[in-house]
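User: I am new to this structure and would like to learn what the labels rest on. Please take me through it, setting each value against its definition.

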Amino acid sequence: MAIERTFSIIKPDATRRNLTGKINAKLEDAGLRIVAQKRIQMTRENAETFYAVHKERPFFGELVDFMISGPVVVQVLEGENAVLKNREVMGATNPADADEGTIRKEFAESIEANSVHGSDSQENAAIEIAYFFSGADIVG
Ligand code: GDP
């Protein structure tokens, strides 16, 4: 199976509740390795650029406000089929629909404040990783 990298964010609702370690344990238990990680405060421009694909959606403004409402932890995760594996351990976007044992089922507050982001494809993972990390930051 292919070793891949994916991009992850621990969102402000989770950093506010001091859940970084518990979320990282779920990622590691799923076989993902955290090969880069930093805690940052996103600027409005960062959040608008990152979520540009959603800019026509009615919740875009609220989503940007939420993502800059506190610190986030940006991460690069590595492992076999990392993109799909991370999406599985995250759970569905709406925590009401998320499977038992997933991060969003256990920790998310709402469809917006849903604790984590994970890339949805290898192509987007590469773009998102490059937006926040340089090659030297990532130690596999
Ligand atoms: P994801 O890939 O599972 O994160 O889901 P999407 O790419 O569809 O949405 C991106 C993010 O926008 C989600 O993780 C939520 O934080 C937020 N979001 C999605 N749908 C809604 C919604 O209906 N209302 C609000 N307020 N936020 C939403």
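User: Which residues of helix α7 are buried?

Analyst: Ala 125, Glu 128, Ile 129 and Phe 132 are buried in α7, which covers residues 122–132. A residue is called buried under 20% relative accessible area, exposed over 50% and partly exposed in between, using a 1.4 Å probe and protein chains only. Helices are DSSP runs of H or I with at least four residues, strands are runs of E with at least two, and both are numbered from the N terminus. Before we go on, a word on the source: this is a predicted model, where local features need pLDDT of at least 70 and side-chain atom pairs count only at pLDDT 80 or more, while totals for chains, interfaces and linings use all residues. Residues are numbered from 1 along each chain as its sequence is written, and side-chain values use heavy atoms, with hydrogens and water left out.

User: What covers the buried residues of α7?

Analyst: The cover includes the strands β1 (3–10), β2 (33–40), β3 (72–80) and β4 (116–118), along with the helices α3 (44–50) and α5 (82–90). A contact here means heavy atoms within 4.5 Å.

User: What makes β1 and β3 count as paired strands?

Analyst: Two strands pair if DSSP finds at least two bridges between them. Eight bridges join β1 to β3, so this antiparallel pair meets the rule. Within it, Thr 6 has Leu 77 of β3 as its bridge partner. β1 also pairs with β4, in the antiparallel sense, over three bridges, and there Ser 8 stands opposite Gly 118. β1 is mostly covered, too: six of its eight residues are buried.

User: What makes a set of residues a nonpolar core?

Analyst: The members must be buried Ala, Val, Leu, Ile, Met, Phe, Trp, Tyr or Cys residues, joined through side-chain atoms within 4.5 Å. The largest such core has 22 residues, and Phe 7, Ile 9, Met 42, Met 67, Val 74, Phe 132 and Phe 133 touch the most other members. β1, β2, α3, α4 (60–67), β3 and α7 each supply at least two of its residues. The largest share, five residues, comes from α4. Apart from this core lies another, of 14 residues, among them Ile 23, Val 73, Leu 77 and Val 89.

User: Why does Thr 102 count as buried?

Analyst: Its relative accessibility is 6%, so Thr 102 falls under the cut-off for buried. Thr 102 sits in the loop between α5 and α6 (103–107), and touches Glu 88, Val 89, Met 90 and Gly 91, not counting residues up to four places away in sequence.

User: Is Lys 26 buried or exposed?

Analyst: Lys 26 has 19% relative accessibility and therefore counts as buried. Lys 26 belongs to helix α2 (residues 20–29). Beyond residues up to four places away in sequence, Lys 26 touches Val 89, Gly 101, Ile 103, Glu 106 and Phe 107.

User: What sets Asn 81 and Ser 115 apart in accessibility?

Analyst: Asn 81 has 27% relative accessibility and so counts as partly exposed, whereas Ser 115 is buried with a relative accessible area of 0%. Asn 81, in the loop between β3 and α5, has a phi near 50 degrees, a positive value in a residue other than glycine. Ser 115, in the loop between α6 and β4, has a positive phi of about 70 degrees although it is not a glycine.

User: How do you know that the radius of gyration agrees with a compact globule?

Analyst: With 140 residues, a compact globule would have a radius of gyration near 14 Å, and the protein has 14 Å, so the two agree. That radius is taken over C-alpha atoms, and the globule rule is 2.2 Å times the number of residues to the power 0.38. Buried residues make up 48% of the 140 residues. The protein has seven helices and four strands, in the order β-α-α-β-α-α-β-α-α-β-α from the N terminus on.
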